[in-house]
Amino acid sequence: MIRFLIRLAIYVGTAALALFVASLLLPGFGLSASGFIIAVAVFAIAQSILTPFIVNMARKYAPAVLGGIGLVSTFVALLLASLFPGGITLSGIDTWVLASLIVWLITALGGWLLPLLFLRGKLADSSAAAKP
């Protein structure tokens, strides 16, 4: 259960960081302070639900695009998060493409590296406790 909560915190934290960085780097990416939490929540929930769905659809209908699933699900999650008023706004095709790339890159790296840092000690503790 603790591992699940750590992974959840990492996922939401990397989503928040990624949206914030994209808002700093891209002039067409707007992120309001009041809607930041809603935007992060909508993005994180959409991303966690959409990724498995899009993977299954790609496996069936377009196996050649399986490598780009993360980018596609990030784009769709950004689109859904932008539909909620007061959260994020994106203007221009270049902003949509670059925002998808930046957010995907940050969340992918964070989702890959941070569990290694935070769960390494947890795994070592659990294996030491299992030994008699």
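Guide: Gladly. Axes are lines fitted to C-alpha atoms, for helices over the stretch in contact, and angles run from 0 to 180 degrees between N-to-C directions. Helices (H or I, at least four residues) and strands (E, at least two) are DSSP runs, numbered from the N terminus. This is a predicted model, in which local features need pLDDT of at least 70 and side-chain atom pairs count only at pLDDT 80 or more, while totals for chains, interfaces and linings use all residues. Residues are numbered from 1 along each chain as its sequence is written, and side-chain values use heavy atoms, with hydrogens and water left out.

Visitor: At what angle do the axes of α1 and α2 cross?

Guide: They cross at roughly 120°, and the axes come within 9 Å. Angles under 35 degrees count as roughly parallel, over 145 as roughly antiparallel, 65 to 115 as roughly perpendicular and the rest as oblique. α1 and α2 are therefore oblique to each other. For handedness, a crossing is left-handed if the near helix is turned anticlockwise from the far one by less than a right angle, and right-handed if clockwise. Here α1 passes α2 in a right-handed crossing. On the α1 side the contact (heavy atoms within 4.5 Å) includes Tyr11, Ala15 and Leu19, and on the α2 side Phe36, Phe43 and Gln47 are among the partners.

Visitor: How do α2 and α3 pack?

Guide: Their axes are 8 Å apart and the angle is about 140°, so α2 and α3 are oblique to each other. The crossing of α2 past α3 is right-handed. Among the residues making this contact are Phe43, Leu50 and Thr51 of α2 and Ile69, Ser73 and Leu78 of α3.

Visitor: Which residues of the largest nonpolar core touch the most other members?

Guide: A nonpolar core is a set of buried Ala, Val, Leu, Ile, Met, Phe, Trp, Tyr and Cys residues joined through side-chain atoms within 4.5 Å. The largest one holds 27 residues, and Leu19, Phe29, Phe43, Leu78 and Ile88 touch the most other members. At least two residues each come from α1, α2 (36-61), α3 (69-83), β2 (88-90) and α4 (93-130). With nine residues, α2 gives the most to this core. Beyond four places in sequence, Leu78 touches Leu19, Phe29, Phe43, Ile88, Trp96, Ala99 and Ser100.

Visitor: Is threonine 14 buried or exposed?

Guide: Buried means under 20% relative accessible area, exposed over 50%, partly exposed in between (1.4 Å probe, protein chains only). Threonine 14, in helix α1, has a relative accessible area of 4%, so this residue is buried. Its C-alpha lies 5.2 Å from that of threonine 107, 93 residues apart along the chain.
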